[in-house]
Amino acid sequence: MISVPLFIVLWTGGVFFKEGTCAVEISRPLRLAKIEGFSWENCGKTDDPAVMNSLELFPDPIKIPGDLTSSASGTTSVALVSPLSLNVTLEKEVAGFWVKVPCVDELGSCHYQDICDVLDQLIPPGQDCPEPLRTYGLPCHCPFKAGDYLLPQSTFSLPRVDLPFWMTNGQYRVQGVIGSSGKELGCLKVTLTLHSG
């Protein structure tokens with residue numbers, strides 16, 4: 001079954017790359033062409049209950065639009081229930097320094113009070129979970145039961161993605177920390193390079 005940290009990464013990726021509108025109009029939005037150099041690591045404390053054990057994405061670079069093949073595994077020793085907070089920190093490398101990208105229209109370095117509510121907005125309760133979660137009987141709503149989660153190797157079709165005007169080519173890192181009642185439950189950091197076409 002899919003681990004909660006992986007689900008958070010996939011959800012963060014969805015928010016990170018979602019098509020949105022900006023207050024500033026530009027005549028030609030940036031179109032994401034490829035992602036390369038994807039890497040990840042657990043960044044939490046040694047006693048965090050939710051951890052990612054493995055996460056693989058192929059190919060490198062990932063072409064957009066195109067197919068992405070992924071597999072993952074993880075575990076949580078406690079049930080993850082609402083309210084489940086998510087703190088996202090997005091940074092871009094500029095001249096050798098990591099610069100924090102502010103939260104703009106719920107994209108960037110943002111705090112989400114309850115990721116469970118956001119998941120319910122993305123996939124309304126009662127609606128089937130998207131593939132391949134449905135095929136493998138993986139949950140897409142809170143609560144996430146304690147246990148081991150596994151996503152076997154699966155292929156996803158990635159659609160065309162238009163980036164916000166401020167998200168230019170370069171190396172980014174995204175850190176997501178999930179928590180409940182002021183306690184950190186898990187932390188995952190992803191690094192990747194974006195190229196627009």
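Is K92 buried or exposed, and what is its relative accessible area? In this predicted model, K92 is found in strand 5, which spans residues 85-94. With a relative accessible area of 15%, K92 is buried, because the cut-off for that class is under 20%. Leaving aside residues up to four places away in sequence, K92 touches F97, W98, V99 and V101, together with T168, N169, G170, Q171 and Y172. A polar atom of the K92 side chain lies 3.1 Å from the backbone oxygen of N169. The C-alpha atoms of K92 and M167 are 9.1 Å apart, although 75 residues separate the two in sequence.

F97, one of the residues touched by K92, is placed in strand 6 (residues 97-100). In contrast to the buried K92, F97 counts as exposed, at 60% relative accessibility. Together with V94 and V99, F97 makes a nonpolar surface patch of about 280 Å².

Backbone geometry was also examined. Most residues other than glycine have a negative phi, and most peptide bonds are trans. A cis peptide bond joins D60 and P61, with omega about 10 degrees; P61 is in the loop between strand 2 (50-58) and strand 3 (62-63). Another cis peptide bond, between E131 and P132, has an omega of about 0 degrees, and P132 lies in the loop between helix 2 (115-122) and strand 8 (147-158).

Positive phi values occur at D105, at about 50 degrees, and at S181, near 55 degrees. D105 is found in the loop between strand 6 and strand 7 (111-112) and is exposed at 53% relative accessibility. S181, in the loop between strand 10 (170-180) and strand 11 (183-196), is likewise exposed, with a relative accessible area of 80%.

Key
Residues are numbered from 1 along each chain as its sequence is written. This is a predicted model: local features need pLDDT of at least 70, side-chain atom pairs count only at pLDDT 80 or more; totals for chains, interfaces and linings use all residues. Side-chain values use heavy atoms; hydrogens and water are left out. Helices (H or I, at least four residues) and strands (E, at least two) are DSSP runs, numbered from the N terminus. Buried means under 20% relative accessible area, exposed over 50%, partly exposed in between (1.4 Å probe, protein chains only). Contact means heavy atoms within 4.5 Å. A polar contact is a pair of N or O atoms within 3.5 Å; within protein, one must be able to donate a hydrogen and the other to accept it, and residues adjacent in sequence count only if both atoms are side-chain atoms. Patches are made of residues with over 30% relative accessible area and no salt bridge: like charges are joined within 9 Å, nonpolar side chains (Val, Leu, Ile, Met, Phe, Trp, Tyr) within 5 Å. Accessible areas come from the Shrake-Rupley method with a 1.4 Å probe; for residues, only the protein chains shown count as cover. A salt bridge is a side-chain nitrogen of Lys or Arg within 4 Å of a carboxyl oxygen of Asp or Glu.
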